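Subject: Structure handover and notes

Hello,

Please find the structure below, followed by my notes on it.

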Amino acid sequence: MAGLTAAAMAAVAFLAYQASASAPADLKAGSPAPAASPSAPAPGALPKDPAATALALPKQSGSGVRVVYSLGERRVWLVGEKNVVARTFAVMPSTVDPAPGTYAVTSRSGSVSGSDGVRIEHVVRFASVDGVTIGFSAAVDGTMATPDPQRRTGGIRMKRTDGNAMWTFATVNSKVVVVP
């Protein structure tokens, strides 16, 4: 019996050596332990979900049913009753931005040609800056190309599925809040 125990101990020792020899340098014995990051959650606390934080409705974005458009985040939130976000999605801004503030949807078009010549649908207009009309739209071909910086355009582009949601949500006189 002692022989079997010795053989088992030798096999375990050999396997332990193989495992340590192939372990990454930061896991081998003698490597310093990584320093705690200042954003690490407290013991027993749930870690924050960075993706959820990045998609959170911006503070100071108004109240009530509204569309929130963040210039810096290039993102839109469709906000329903009781401040519940019904949908959020990324957008491609135009070359002309509206100033931060509160607006109302002024007009809508089912399908037109955009100021950049692209065929667009579900156009929801809410502002004008120096003669350039600003509004949300989706390209019929599904693209969200970066606009030509040499052209003054006001189309804030989104995917077609997001355009459908915007069209249903933002009727004439709906509130649009633009945040930095």
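In which strand is G110 found? G110 sits in strand 5, which covers residues 107-113. Helices (H or I, at least four residues) and strands (E, at least two) are DSSP runs, numbered from the N terminus.

Some conventions before the rest. The model is predicted, so local features need pLDDT of at least 70 and side-chain atom pairs count only at pLDDT 80 or more, while totals for chains, interfaces and linings use all residues. Residues are numbered from 1 along each chain as its sequence is written, and side-chain values use heavy atoms, with hydrogens and water left out.

Overall picture

The protein has three helices and nine strands, in the order α-α-β-β-β-β-β-β-β-β-α-β along the sequence. Of its 180 residues, 29% count as buried; buried means under 20% relative accessible area, exposed over 50%, and partly exposed in between (1.4 Å probe, protein chains only). The accessible surface is about 11,000 Å², and carbon and sulfur atoms account for 60% of that (Shrake-Rupley method, 1.4 Å probe; for residues, only the protein chains shown count as cover). Taking contacts (heavy atoms within 4.5 Å) between residues at least 6 apart in sequence, 50% join residues at least 24 apart.

Cores

A nonpolar core here is a set of buried Ala, Val, Leu, Ile, Met, Phe, Trp, Tyr and Cys residues joined through side-chain atoms within 4.5 Å. The largest one has 22 residues, and V67, V76, F126, F136 and M166 have the most contacts inside it. At least two residues each come from strand 1, strand 2 (75-79), strand 6 (119-129), strand 7 (132-139), strand 8 (155-158), helix 3 (160-169) and strand 9 (175-179). Strand 7 contributes the most, with four residues. Beyond four places in sequence, M166 is in contact with V67, V76, L78, F89, V124, F136 and M158. Another core, of five residues, lies apart from it and includes W77, V79, V177 and V179.

Strand 1

R66 belongs to strand 1 (residues 66-70). R66 is buried but has no salt bridge, and the nearest side chain of opposite charge, E81, is 9.3 Å away. A salt bridge is a side-chain nitrogen of Lys or Arg within 4 Å of a carboxyl oxygen of Asp or Glu; for charge, Lys and Arg count as positive and Asp and Glu as negative, with His and the chain ends not counted. The R66 side chain instead reaches two backbone oxygens: that of S61 at 2.7 Å and that of G64 at 2.5 Å. Its contacts beyond four places in sequence include W77, V79 and V177.

S70 lies in strand 1 as well and is buried, at 1% relative accessible area. The S70 side chain reaches the backbone nitrogen of E73 at 3.1 Å. Leaving out residues up to four places away, S70 touches R75, W77, V179 and P180.

G110 counts as partly exposed because its relative accessibility is 38%. G110 and E121 are eleven residues apart in sequence and 5.3 Å apart, C-alpha to C-alpha. Other residues touched by G110 include I120, H122 and W167.

P93 is in the loop between strand 3 (85-90) and strand 4 (101-104). P93 counts as buried because its relative accessibility is 10%. Its contacts beyond four places in sequence are Y69, R74, P147, G155 and I156. P93 and M144 are 51 residues apart in sequence, with a C-alpha to C-alpha distance of 9.3 Å.

Regards

Terms used:
Polar contact = N/O pair within 3.5 Å; in protein donor to acceptor, adjacent residues only side chain to side chain.
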